[in-house]
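Hi,

As promised, I am passing the structure on to you. Please have it open while you read my notes.

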Amino acid sequence: MPKIQFINPSEVRKSRNLDLGSIPVNTYQRSVKEELSRFSREDLVRIFRDMVIIREFETMLNLIKTKGEYQGIPYSHPGPAHLSIGQEAAAVGMAFRLGIQDYIFGSHRSHGEILAKGLSAIQSLQEGELYGIMKNFFDGRILKIVETGHQGDVRSLALKFLVYGTLSEIFARETGFNKGLGGSMHAFFTPFGIYPNNAIVGGSGDIAVGAALYKKVNRKPGIVVANIGDASLGCGPVWEGMTFASMDQFRQLWEGDMKGGLPIIFNIMNNQYGMGGQTCGETMGYSIAARVGTALNAENMHAERVDGYNPLAVIDAYERKMKILEDKKGPVFLDVLTYRFSGHSPSDSSSYRSKEEIEAWESVDSISSYGRGLTDSGVADSSLLEQIRAETGELILEAFKRSIDDVISPRMDLVSNPGLIGEMMFSNQSADRMEERVPEVNHPMEENPRVAQIARKERYAFDQEGNPHSAMKQYQFRDGIFEAIADRFYKDPTLVAYGEENRDWGGAFAVYRGLTEALPYHRLFNAPISEGAIVGTAIGYGMCGGRVIPEIMYCDFLGRSGDEVFNQLPKWQAMSGNLIKMPVVLRVSVGSKYGAQHSQDWSSLVAHIPGIKVVFPATPYDAKGLMNAALQGTDPVVYFESQRLYGTGEQFHKGGVPEGYYEIPIGEPDIKRSGEDVTILTIGATLYRAMEAAEQLLEQYGISAEIIDARSLVPFNYQLVLESLKKTGRIVLVSDATERGSYLKDLAQNITELGFDDLDAPPVVVGSRNWITPAYELEDYFFPQPSWILDAIHEKILPLKDHVTTQNFTAGEQMRRSRLGI
Ligand SMILES: Cc1ncc(C[n+]2csc(CCOP(=O)(O)OP(=O)(O)O)c2C)c(N)n1
Ligand SMILES: [Mg+2]
């Protein structure tokens, strides 16, 4: 079902001027009095209260950071506190109309947003529901603390719960919303629709889009708000997220009720500074941030600037923008103008701005202005506002006292349980599907043309005489990946896959060919060339509860999704205190033939980062079994696949690749050839070069090599390797990653320690040269060759009689190269 969208030259070549339309700027002008018909008095007063709670909360933190005490009680908080004093109206206005089904994502400066969204949730939930949430959260541990001595209703109890849970999290207490593993910049509370805040500027810019994608694809109610700063508009992931959210296909190619835009608001908390840099006039050129919307789609993303110093203006904008999202006309871009009186952080001396400027903004402070609006309009008298301030002071003080009490609010006990954080790195669950629902597919699996084609293939590469079947007839490595993924698409209704050229093309390397016919657009689609957003949106999709397979076309492009792969994907399970799962299987194709920027094996870089499982299968049997295992799990897996192998048949598993479902446990290496004299441990496609080397060792030198295919990098079970060493006493490790700092070095180091008694010689690493990858014609001088393995054995382990080396593995050469850094 290829898409048919005719690009007509006579249309697109026509001469005309592009009219960008106009963008409203601060157009809201109503007074509190004029709003009395739209808001109840209670609501209008509550807006004031919510702003006051945020102000007092942040002021308390400011005092602790700058004076070391609050209300005469000393406390030291060494961690960060990016405060939002001055920005309260923007946060309360943003959250006021949202329900718990609406998700917010934030930044390093999101305490105010957490509180505002929490306060809004507390108001909108039924008391029973509210109590249930508190009771179920961490088995009621936080509830128990705040219930002690509480007199009053459930909502006032919930206020205590919200403030205490947030503050304890900031103070790294185990009783915090994320067990103290998130902290000030990452705290969140999903039961109220408060999703991760992000210490990486702009980090939420693409993750939030993935949450909106999740809502759309899985028909979940609610919208998503990405609260990001004005300076984050200089960040690639934010642009990529907005590009992804604005894709035409949502309206033009997605079908049925899936037609229409993503339910997301990019909410720019425009405090007009990025640390000390002035975004308007210095570090950016947009002049009015709302202008950015004009770049992304023909509706200018419904962009608008609103006065974030007036909570009613922000609420008004949300009412209108939520309607736009309901009509499936998202995304929306909101430039919420605000200002922070507090420094970027409490240590900030505000050297980049004048006292006059701060005072000018303080003179129009939203809390006092709005409070005046309430009294002037007769909604409240000043004694009520005073009472609110006084009650807020008590609320914050009580939470403060409790959260700094080491008995009530202990830190995670890493003394009696040193492995606690380690145990939180992976969820290690097994789940056929992330939700019980019938998966949407276009036809039964048996009717799929690719499935029919594979059915005619030979699932083992050799015939009964041991001769290889023709290449066309062999079941290939790419078929193994296809079968596992196709099976999961028919099992898990939440599963979606996307990346560059994933749909009509069938993936750049034809892994998905056939899936285009099987799946509607919203389950398999082409992404923009936005590797950051491809991974970032998958993270958002996964953390909301969906399973997803993003794809990076060439390993070298992982650099473009560096933040997502290194800072986001691996971190959120543990940083959430294990509330979040991350069923994201990131497929990464490792190239060759295309030179320095298309042929790098970066599996070592990924394996270095705690929190990601890393696999690198080399045979069709392993490819299918490991993909099945990855897709059955709930952890992030980076699944490397070598372009050298897509067409390879199954040469090892005698029965051929099973037609049915099976899993290969992640972390278990596999013996691909038995031997007695030397062990060769390979990663990825080097397996086949090691097999050649083993043949030569046997034929030319009578040495029998045992070959172990690592299959996984993280986790990795050393047992099999150590057993092999008991026989051979010698080991060579081979991979296509450049040798310096590679994962092989890590393996070699551990093998040295664990198998020292059995080793006759130190483990020897054979990686690629520490160069750029040269042209295809020169690749044999760069990537490990069979002869290199022999050379390394000859030079470092066991002299081979009359062996003539092609590579220099001497100690002197090793020293020379290291000295030169090559
Ligand atoms: C990727 C990244 N670069 C730099 C920083 C350091 N940093 C933290 S906050 C900040 C300014 C962000 O400004 P903005 O997005 O406008 O948010 P604001 O602090 O004004 O709320 C910077 C540069 C960071 N955390 N992440
Ligand atoms: Mg800013």
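First, the ground rules. This is a predicted model, in which local features need pLDDT of at least 70 and side-chain atom pairs count only at pLDDT 80 or more, while totals for chains, interfaces and linings use all residues. Residues are numbered from 1 along each chain as its sequence is written, chains are lettered from A and ligands numbered from 1 in the order in which they are written, and side-chain values use heavy atoms, with hydrogens and water left out.

**Aromatic rings**

Searching the whole structure gives 39 aromatic pairs. Here rings of Phe, Tyr and Trp (its six-membered ring) pair if their centres lie within 6.5 Å; planes under 30 degrees apart count as stacked, over 60 as edge-to-face and the rest as tilted. Tyr621 and Tyr662 are stacked, because their ring centres are 4.9 Å apart and their planes are at 10°. This pair links distant parts of the chain, 41 residues apart: Tyr621 belongs to helix H23 (residues 620-632), and Tyr662 to the loop between strand E16 (637-642) and strand E17 (670-673). Helices (H or I, at least four residues) and strands (E, at least two) are DSSP runs, numbered from the N terminus. Both Tyr621 and Tyr662 are buried; that word means under 20% relative accessible area, with exposed meaning over 50% and partly exposed in between (1.4 Å probe, protein chains only).

Phe782 and Phe783 make an edge-to-face pair, since their centres lie 4.8 Å apart with the planes at 85°. Phe782 is buried at a relative accessible area of 1%, and Phe783 is buried at 3%. Elsewhere, ring pairs join Phe137, Phe138, Phe161, Phe177, Phe189 and Phe192 into a cluster.

Lys215 lies over the face of Tyr103, 3.6 Å from the ring centre. The charged end of Lys593 is over the ring of Tyr776, at 5.6 Å from its centre.

**Helix packing**

Helix H8 (residues 204-217) and helix H19 (residues 531-544) have axes that come within 6 Å and cross at roughly 55°. Axes are lines fitted to C-alpha atoms, for helices over the stretch in contact, and angles run from 0 to 180 degrees between N-to-C directions. H8 and H19 are therefore oblique to each other (under 35 degrees is roughly parallel, over 145 roughly antiparallel, 65 to 115 roughly perpendicular and the rest oblique). Residues that meet across this pair include Gly210 and Ala211 in H8, and Gly536 and Gly540 in H19.

Helix H4 (residues 111-124) packs against helix H7 (residues 154-170) at an angle of about 160°, with the axes 10 Å apart. H4 and H7 are therefore roughly antiparallel.

**Two single residues**

Pro528 is in the loop between strand E12 (524-526) and H19. Pro528 is buried, with a relative accessible area of 15%. Leaving out residues up to four places away in sequence, Pro528 touches Thr243, Phe244, Met247, Glu500 and Ile534, where contact means heavy atoms within 4.5 Å.

Phe756 is in the loop between helix H26 (743-754) and strand E22 (764-768). Phe756 is exposed, with a relative accessible area of 57%.

Happy browsing!

Conventions
Lys NZ or Arg CZ within 6 Å of the ring centre and 35° of its normal.
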